[in-house]
Amino acid sequence: MSLPQWKVTRSTNPTPDVERERIIEKPVFGANLTDHQVVCVWEKEKGWVSAEVIPYGPIMMDPSSAVLHYGQEIFEGIKAYRHQDGSIWTFRPEENAKRLQRSAHRMALPELPTELFIESLRQLIAVDGAWVPAPVDEKTLYFRPFEIAAENFLGVRAAQRAEYRVIASPVGPYFTGGLKPVSIWIALDSARAGKHGTGEAKTGGNYAASLLAQGEGYENGCSQVMFLDAETATYIEELGGMNLFFVYRDGHVVTPSLDGTILRGITRDSVVTLIKDRGLKVEERKISLDEVRAGIQSGEIAEVFACGTAAVITPVGEFKSREETLSISTEPGELTTSLREELTGIQYGKVADRHSWMVKLAD
Ligand code: PLP
Ligand code: COI
């Protein structure tokens, strides 16, 4: 199928340079958006019919638009990194494109071709490249590609018209406390995803399902919530927006296996590779809360960290629930810190990219 030709309409009222510089100097995750957005339209009979860059602004939507009623929506998260020489790069975009396709399949949305996905990032950077912050203090431009059912119809079936859009926000660290370990709330009364459900898809409903427990977590001084398997409430799955790793004192590392209910994190996959590169053993398997409790109490589990595009690699200091507190450490662990330095080093072009993960978006 041939892909649509790009059409670019520049904003006549972009953010003044001084204002943009002020924003990207101290960006707050998701608070400010760039001057443009990408819009690609899909129609059932014709496929992907248009690809445009237009000024950033509200979406005109009919109240009967399917996405507003049945939550047929998927999204991605991926960053643009500025290197020392000014060039702009991104990290493993084919993986995000493939995950968007898998999410689309699960949510009965059209699959966006990988080429169109990567080109959509290039097109947005071509007009909004000045929004990519300087490579200091973990600052980046965060892309939020998403796809929505955009047919005006209240019948419950897969929409016959869909829109893929990309917006972008300059961001600093997701957690504002620096490298300080975060507290995690254990969700005991709600699950995020069940067997054969949508847990592996990056779809809005999974996040909506996490918000009640997330609110409970905030009330208890925690910044993320951890979900257990829906069937038995025994095994650790993941956080509301990040994957988890457990580092044992003997050097081996455990992360929950990908059994269909958790997101196949691209950071997770990269971290598994980086750990193996060091000659350390990584076990991808079921890990129970009981095992983690015993491991933390005996000191056998020395470090725990969360990872994801937004969070990068963030040390976990403690797990809490209404029943217990499991304290790990008030300082970031050694492996956590060094993996974080290596990963961000690759992303900012300071450490050799030996797995060819980086893709250039602009000179
Ligand atoms: N798990 C969930 C639920 C997420 O939302 C994310 C973030 O995208 C991740 C894990 C980590 O995935 P990635 O490393 O691809 O960003
Ligand atoms: C990301 O890391 O891209 C996510 O979607 C997670 C969310 C906490 C912002």
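**Exercise 1. Lys-202 and ligand 1**

Task: In this predicted model, find how far an oxygen atom of ligand 1 is from an N or O atom in the side chain of Lys-202, then describe the surroundings of ligand 1.

Solution. 
Step 1. The distance between an oxygen atom of ligand 1 and an N or O atom of the Lys-202 side chain is 2.8 Å.
Step 2. Turn to Tyr-207: an N or O atom of its side chain is 2.4 Å from an oxygen atom of ligand 1.
Step 3. Ligand 1 is surrounded by 17 residues, of which Arg-99, Tyr-207, Glu-238, Thr-267 and Thr-309 are the closest.

**Exercise 2. The setting of Lys-202**

Task: State where Lys-202 is placed, whether Lys-202 is buried or exposed, and what UniProt annotation covers Lys-202.

Solution. 
Step 1. Lys-202 belongs to the loop between strand E9 (182-186) and helix H5 (204-219).
Step 2. Its relative accessible area is 10%; buried means under 20%, so Lys-202 is buried.
Step 3. Leaving out residues up to four places away in sequence, Lys-202 touches Glu-73, Ile-74, Phe-75, Glu-76, Gly-77, Arg-99, Ser-103, Tyr-207 and Leu-263.
Step 4. An unreviewed UniProt entry carries the annotation "modified residue: N6-(pyridoxal phosphate)lysine", which covers Lys-202.

**Exercise 3. Ligand 2**

Task: Which residues surround ligand 2, and what share of the area that ligand 2 exposes alone does the protein bury?

Solution. 
Step 1. The surrounding residues are Phe-29, Phe-75, Gly-77, Tyr-142, Arg-144, Tyr-174, Lys-202, Gly-241, Thr-309 and Ala-310.
Step 2. Take the side chains. An N or O atom of the Tyr-142 side chain is 2.6 Å from an oxygen atom of ligand 2, and a polar side-chain atom of Lys-202 lies 2.7 Å from an oxygen atom of ligand 2.
Step 3. Take the backbone. A backbone N or O atom of Ala-310 lies 2.8 Å from an oxygen atom of ligand 2.
Step 4. The protein buries 89% of the 280 Å² that ligand 2 exposes when taken alone.

**Exercise 4. Positive phi angles**

Task: Find the phi of Arg-92 and of Asp-137, and decide whether Arg-92 and Asp-137 count as buried or exposed.

Solution. 
Step 1. Most residues other than glycine have a negative phi.
Step 2. Arg-92 is not a glycine, yet has a positive phi of about 50 degrees. Asp-137, likewise other than glycine, has a positive phi near 50 degrees.
Step 3. Arg-92 sits in the loop between strand E6 (88-91) and helix H3 (93-106), and Asp-137 in the loop between H4 and strand E7 (140-149).
Step 4. With 11% relative accessibility, Arg-92 counts as buried, whereas Asp-137, at 60%, counts as exposed.

**Exercise 5. The nonpolar cores**

Task: Which members of the largest nonpolar core touch the most other members, and which helix gives the largest share of this core?

Solution. 
Step 1. The largest nonpolar core has 44 residues, and Ala-80, Phe-117, Ile-125, Phe-143 and Tyr-164 touch the most other members.
Step 2. Helix H4 (residues 114-128) supplies the largest share of this core, seven residues.
Step 3. A second, separate core has 25 residues, including Phe-175, Ala-306, Ala-311 and Phe-319.
Step 4. Return to Phe-117. Beyond residues up to four places away in sequence, Phe-117 touches Glu-76, Ile-78, Pro-93, Asn-96, Ala-97, Leu-100, Leu-112, Pro-145 and Tyr-164.

**Exercise 6. Two loop residues**

Task: Describe where Met-242 and Thr-15 lie and what Met-242 and Thr-15 are in contact with.

Solution. 
Step 1. Met-242 is in the loop between strand E11 (236-239) and strand E12 (243-248), and counts as buried at 3% relative accessibility.
Step 2. Apart from neighbours within four places in sequence, Met-242 is in contact with Tyr-174, Phe-175, Gln-224, Ala-306, Cys-307 and Ala-311.
Step 3. Thr-15 lies in the loop between strand E1 (6-8) and helix H1 (17-25), and at 17% relative accessibility counts as buried.
Step 4. With neighbours within four places in sequence set aside, Thr-15 is in contact with Arg-20, Asp-35 and Trp-131. The side chains of Thr-15 and Asp-35 are joined by a polar contact of 2.7 Å.

How values were computed
Residues numbered from 1 in each chain as written. Chains lettered and ligands numbered in written order. Predicted model: local features only at pLDDT ≥ 70, side-chain atom pairs only at ≥ 80, totals over all residues. Heavy atoms only, no water. Core = buried A, V, L, I, M, F, W, Y, C linked by side-chain atoms within 4.5 Å. Buried < 20%, exposed > 50% of the residue type's maximum accessible area, 1.4 Å probe, protein only. Helix = DSSP H or I, 4+ residues; strand = E, 2+ residues; numbered from the N terminus. Contact = heavy atoms within 4.5 Å. Near = heavy atom within 4 Å. Polar contact = N/O pair within 3.5 Å; in protein donor to acceptor, adjacent residues only side chain to side chain. UniProt positions renumbered as here; feature names shortened; annotations may be inferred. Areas by Shrake-Rupley, 256 points an atom, 1.4 Å probe, with all protein chains shown as cover.
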